[in-house]
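Subject: Structure handover

Hello,

Here is the structure I promised you. Please open it next to this email and follow along.

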Amino acid sequence: ETAGAFSNAETCAQGCHVSDGNEMDHLGEDISPNTHWKHSVMANSVNDPYWQAAVEDESSTFPELSGFIEDTCTTCHAPMGRTHAHHTGTGLDADNFYRFDTAKNEDIAREGISCTLCHQIDAGNLGTEDSYSGGFTILGDPLDPDFKRIYGPYDSPVDDNMNLQTGHTPTVGAYVSESALCATCHTLYTPALDPDTGVPSGVSFLEQGVYLEWQNSVYAPGESQATECQGCHMPQPEPGYTTPISLSPDTSPDRVPFGQHTLVGGNAHLLEILSEFRPELGISNTTSVAGFDDQISKTRNFLENAAAKVTVPALAVVGNNLEFDVEVTNNAGHKIPTAYPSRRVWLHVAVKNGAGQVIFESGKPDARGYISTDAARLKADCMSVNKLDGFDSSVCYEPHRDVIDDQSQVAIYETVLGDTNDNITHTLLLGSLYLKDT
């Protein structure tokens with residue numbers, strides 16, 4: 001299927017960017033781009049039920065802004081559908097907005113962040129503020145000589161096979177392997193609305209700053225461990241691994257480095273939800289339980305062995321107390337957790353006696369995944385959009401703690417949104433600051 005400048009992933013995979021058991025195969029695993037990508041969160045950015053719920057919640061909270069909210073959110077979550085609609089002036093409502101219900105019913109939108117989205121982004125404004133918040137550029141005029149160009153990191157594309165089969169012209173563009181490409185959607189500013197009036201307060205709030213965090217890390221260019229986003233999220237199977245990236249033509253050369261399109265991140269639970277509800281989400285024909293299981297395994301391995309390291313460097317008995325530090329080393333090029341401000345990471349610490357009995361425990365989740373501090377943070381007063389005068393937001397979240405000496409206390413790393421009245425909020429468009437940011 002095609003839609004203007006875009007083609008679906010299957011068009012790219014069929015007979016070309018797919019493994020034959022030899023090429024794009026590593027230790028017996030199919031590592032071709034489409035095979036990995038289709039079970040990623042990127043591929044399911046529209047199918048994601050959490051995102052759908054968040055959009056519907058924001059739209060119902062501010063119904064007069066629902067068109068703006070849905071058009072803004074689909075910029076990065078349904079980029080092919082939304083970009084095509086604005087290129088052609090079709091599929092938009094009377095106010096020129098691309099709506100949520102339209103995206104849910106268009107195949108090209110349901111593909112989420114797909115091949116011909118990332119590989120057709122123009123280099124023009126990348127890395128600048130103009131590119132943030134979905135400010136990427138896709139050339140949509142068929143009369144433009146660069147229309148439907150596909151940019152990749154390798155020079156000397158072979159023959160004209162891609163153009164003949166798809167209409168896309170392979171073009172060298174080394175920038176697709178650079179973090180600035182990712183920054184277009186992973187640096188997000190939102191207009192902070194006044195909670196009393198619902199109108200813009202004039203505050204432009206940095207809701208997600210993954211790229212800016214990376215720029216200030218040891219992984220930024222010129223720093224001691226310089227690594228682009230793709231180095232972690234699209235890792236090579238092994239150093240020096242080479243493979244042709246297409247089965248056609250037969251003369252396709254070996255390419256190196258080969259970045260796997262696993263696009264692993266920090267959200268294994270969402271993958272579990274996507275897998276369990278494949279029929280309800282309408283993705284049974286394009287995904288498999290085995291594929292999600294593999295992606296979940298890769299994600300957990302990434303979190304446990306790459307993202308951070310947890311150690312207990314020393315123990316000390318002081319009087320009748322056992323004292324120890326828990327040392328967390330962040331190995332990511334950004335905060336952990338980062339991006340969308342509902343994520344959290346906490347320490348689950350258990351102390352056992354010689355008989356293996358737990359004598360102290362902090363942060364153990366129950367069967368629902370709740371921890372001891374959640375009862376307070378989920379109270380109706382805390383969750384309410386409209387806060388009473390004098391409301392004390394501090395009762396709604398666990399403060400940062402340097403010392404834990406009671407089992408009810410938990411070390412939680414998170415961002416807690418606040419509005420322009422300094423009250424806690426769970427509504428993104430009311431966010432103007434962080435009451436807590438660890």
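Does Ser133 count as buried, partly exposed or exposed? Ser133 counts as partly exposed, because its relative accessibility is 32%. The cut-offs use relative accessible area: buried is under 20%, exposed is over 50%, and partly exposed is in between (1.4 Å probe, protein chains only).

Some ground rules. This is a predicted model, in which local features need pLDDT of at least 70 and side-chain atom pairs count only at pLDDT 80 or more, while totals for chains, interfaces and linings use all residues. Residues are numbered from 1 along each chain as its sequence is written, and side-chain values use heavy atoms, with hydrogens and water left out. Helices (H or I, at least four residues) and strands (E, at least two) are DSSP runs, numbered from the N terminus.

**Loops**

Ser133 sits in the loop between α8 (115-118) and β5 (149-152). Its phi is near 55 degrees, a positive value in a residue other than glycine. Leu263 also has a positive phi, near 50 degrees. Look for Leu263 in the loop between α12 and α13.

That loop between α12 (229-233) and α13 holds Pro249. A cis peptide bond joins Ser248 to Pro249, with omega about 5 degrees. Another cis bond joins Val256 to Pro257, with omega about -5 degrees.

**Two helices**

Next, α13 (residues 268-276) and α15 (residues 289-307). They pack at an angle of about 175 degrees, and their axes are 9 Å apart. Axes are lines fitted to C-alpha atoms, for helices over the stretch in contact, and angles run from 0 to 180 degrees between N-to-C directions. The two helices are therefore roughly antiparallel (an angle over 145 degrees). On the α13 side, the contact (heavy atoms within 4.5 Å) includes Leu271 and Leu274. On the α15 side, Phe292 and Ile296 are among the residues that take part.

**Strands**

Strand β14 (residues 349-352) alternates. Val349 and Val351 point to one face and are buried.

β14 pairs with β15 (residues 358-362) in the antiparallel sense, over four bridges. To count as paired, two strands need at least two bridges found by DSSP. Ala350 has Glu361 of β15 as its bridge partner. Five residues lie between the strands of this hairpin, and Gly356 takes a positive phi near 80 degrees.

There is also an open sheet of three strands, in the order β13-β16-β17, with antiparallel pairing. Its edge strands are β13 (344-346) and β17 (433-437), each pairing on one side only. β13 and β16 (residues 412-418) share three bridges. Val345 stands opposite Tyr413 in β16.

**Aromatic rings**

Rings of Phe, Tyr and Trp (its six-membered ring) pair if their centres lie within 6.5 Å. By this rule there are seven aromatic pairs. Trp51 and Phe100 form one that is edge-to-face (planes over 60 degrees apart). Their centres are 5.4 Å apart, with 85 degrees between the planes. Trp51 lies in α3 (residues 49-61) and Phe100 in α6 (residues 100-104), so the pair ties together parts that are 49 residues apart in sequence. Both Trp51 and Phe100 are buried. Elsewhere, Tyr132, Tyr211 and Trp214 form one aromatic cluster.

Best wishes

Technical notes: Angles under 35 degrees count as roughly parallel, over 145 as roughly antiparallel, 65 to 115 as roughly perpendicular and the rest as oblique. Rings of Phe, Tyr and Trp (its six-membered ring) pair if their centres lie within 6.5 Å; planes under 30 degrees apart count as stacked, over 60 as edge-to-face and the rest as tilted.
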